[in-house]
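Open the model in your viewer and follow the stops below. Each one says what to select and what is there.

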Amino acid sequence: MKKVLLTVFLVMATLGVQAQDKQTVSDVSLTIKDLAGRSQLPFKLETETAAVLFFIQQDCPISNRYAPEIARIVQDYKSKPVRFFLVYVDATVSAKEMEQHGREFSLPKIPVIHDAKHQLVAAVGASVTPEVAVVGQKGAIVYRGRIDNLYQALGKARRVVTERDLRNALEALLQNRAVPVARTAAIGCYISEQN
Amino acid sequence: MKIRILVSIFALGALSLALYGGQRAEGGSVTFADHVAPIIFNNCTSCHRPGEAAPFVLMNYADVQKRGKLIAAVTQSRQMPPWKADAGDVEFKHERRLTAAQIETIQRWAATGMHEGNPAKLPPLPKFADGWQLGKPDLIVKMSEAFTVPADGPDIYQNFALPLNLPEDKWVRAIEFRPGARTVVHHSLFFSDATGEARKLDAADPQPGFSGGMAFTGQRFAARFGLGGQANDASATNPGASPTGSLGGSLGGWAVGAQARVMPEGLAYFLPKGSDLVLASHFHPSGKVEKEISTVGVYFADKPPTKAFTGIQLPPLFGVFAGLDIPAGAKEYTIEDSFVLPVDVKAFGTGAHAHYIGKTMHLKATLPNGQEKKLLWINDWDFAWQDQYQFKDFVALPKGTRLDVKITYDNTAGNPRNPSSPPRRVKWGEGSFDEMGSMSLIVVAANEADMPALQGAIRNHVRGAFTKRRSSASR
């Protein structure tokens with residue numbers, strides 16, 4: 001009997017690990033209000049190919065340095081079946097501060113979500129800002145990590161960007177190919193666990 | 001019964017052990033109030049406070065706890081506080097290095113729950129001077145128009161010529177630099193220019209200031225001394241010091257986080273009448289457009305200095321004669337230069353210059369008795385963090401001491417700072433795809449009467465480098 005239980009447990013554990021490997025968000029219907037007060041279901045795709053979540057922080061210099069590139073990416077994929085969200089992870093940032101920050105850094109006009117309780121952070125497993133998660137069909141996290149390889153380490157910026165991982169992932173998805181590199185380590189400010 | 005007693009005794013023992021253990025952990029635990037706050041307040045808060053250069057403030061428990069993991073990471077990697085020199089054998093003034101013990105304390109605090117401790121034990125924040133750190137300057141000059149730093153793109157190096165309109169020669173003890181847009185101004189090097197050359201370049205450039213070269217010095221040397229090799233003659237006309245000699249009219253510099261440096265007592269930079277102050281500033285885009293107007297405070301010496309000083313640059317003139325030719329893919333291309341001191345000197349400052357693919361910069365003194373002193377030891381050169389270092393005390397180096405400089409370059413694709421992708425062959429030049437390489441030691445002669453002999457030897461060294469280069473080039 002014990003053996004059976006142990007086996008069941010092991011099988012379940014293995015399945016759990018496998019599920020984690022595949023990495024889908026646990027609740028595809030997760031609903032959250034954006035800054036404009038509209039209900040958003042960032043993981044629920046309708047006719048789109050993917051949803052892109054930019055995790056940012058208003059006082060993280062690396063996150064801020066990416067503002068122009070975030071704007072360019074949104075612009076470049078404007079006509080493509082991709083949805084974009086800006087997700088502020090700082091628990092204490094106010095609506096006014098987010099609006100002001102968006103204006104100051106000319107962030108694109110896409111839905112802004114204040115993830116004060118880190119529901120989205122936890123759902124996709126984001127750990128730093130800036131970090132990006134690309135969600136495909138059925139909540140599959142098809143890409144998570146850096147926007148590009150501008151930073152090799154904290155304080156070590158490249159002179160030349162050579163890998164544009166997010167763009168590569170989007171190109172692949174739009175052409176119905178597998179994402180070439182599905183996970184990268186994002187470099188930036190750690191998302192505080194104590195919120 | 002017996003068993004029960006035994007069990008009770010055992011349980012009691014276990015309980016007391018647990019209590020004891022718990023107490024010990026508590027007594028040895030790291031808290032913000034007791035251990036971490038003094039480190040943060042004394043090493044970080046001078047910049048991490050409102051209105052200063054750092055992107056966020058670190059002034060209380062909540063601020064530091066929120067960034068705890070980041071602080072632990074960047075202090076361990078020594079990215080912060082910004083100080084590129086490794087521990088050598090001499091101490092620097094205003095050194096911003098944490099000790100290994102301080103770094104370990106932050107690590108333990110971050111790993112053990114970042115406890116606040118007893119807020120009553122929190123040390124007070126240091127008193128930070130508002131405005132000019134060195135008091136009211138004798139002369140305040142300001143950029144006449146704003147320089148626009150774009151939101152995005154590579155780092156920018158721009159020079160600005162600021163007229164000082166000095167009717168007479170002056171001696172400068174310190175220069176304090178105050179950036180307007182603090183998040184984008186990374187560093188600024190100061191030079192005097194009595195030739196009017198910088199002013200012309202400034203006027204010719206449609207933008208405020210003028211670009212060109214990685215630093216004003218490089219350009220100036222290339223233009224004026226590039227092939228002539230006669231660098232050190234200006235000293236003859238300024239008997240008090242040799243300011244435009246191998247220091248190239250340098251007046252020091254400022255980097256984000258640095259305190260204004262005052263020259264040691266009795267020493268001053270020479271500032272000829274009518275000269276302009278040139279700021280060679282480094283900007284890095286922050287994600288939004290910024291407009292920079294720098295303000296500079298100049299502090300004059302009351303009287304001419306009592307001693308002259310000079311720079312010993314190895315290899316001379318930023319390595320123009322060092323034959324730099326770095327193949328694409330070279331991991332550890334090395335240049336070296338040595339100089340034997342002809343007289344007793346006392347060193348008080350040091351610095352280094354290379355561009356992006358410079359990797360290690362080592363300056364070592366070997367005294368006649370065989371004792372070795374690491375004077376400046378940079379193992380992870382970063383062009384963005386050029387600093388000018390002042391020793392805490394004068395470093396006595398007797399006649400016969402050999403100075404050895406070794407500079408290495410990493411021209412592989414694995415070097416994130418490589419401006420070329422894929423890497424390409426790199427030679428000496430002032431552009432951002434070119435390289436330079438030299439280290440400097442700033443010294444006074446222990447006996448003032450020995451100064452001409454020292455300067456003569458430096459001149460000979462420059463000539464020697466030039467001759468060697470010419471003969472190897474013609475071969």
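How many helices and strands does chain B have? Select chain B: there are 9 helices and 20 strands. Helices (H or I, at least four residues) and strands (E, at least two) are DSSP runs, numbered from the N terminus. This is a predicted model, where local features need pLDDT of at least 70, side-chain atom pairs count only at pLDDT 80 or more, and totals for chains, interfaces and linings use all residues. Residues are numbered from 1 along each chain as its sequence is written, while chains are lettered from A and ligands numbered from 1 in the order in which they are written.

Stay on chain B. Of its 475 residues, 45% are buried (20 or more other C-beta atoms within 10 Å of the residue's own, C-beta atoms being placed from the backbone).

Next, select H2(B), residues 32–43, and H5(B), residues 100–111. They pack at an angle of about 125°, with axes 10 Å apart. Axes are lines fitted to C-alpha atoms over the stretch in contact, and angles run from 0 to 180 degrees between N-to-C directions.

Show side chains. B:His35, B:Val36 and B:Ile39 in H2(B) meet B:Gln102, B:Thr105, B:Ile106 and B:Trp109 in H5(B). Contact means C-beta atoms, placed from the backbone, within 7 Å.

Last, go to the contact of chains A and B. Chain A supplies 22 residues and chain B 23 residues. On the side of chain A that touches chain B, H2(A) gives the most, with 3 residues.

Technical notes: A residue is buried if 20 or more other C-beta atoms lie within 10 Å of its own, exposed if 12 or fewer, and partly exposed in between; C-beta atoms are placed from the backbone. Two residues are in contact if their C-beta atoms, placed from the backbone, lie within 7 Å.
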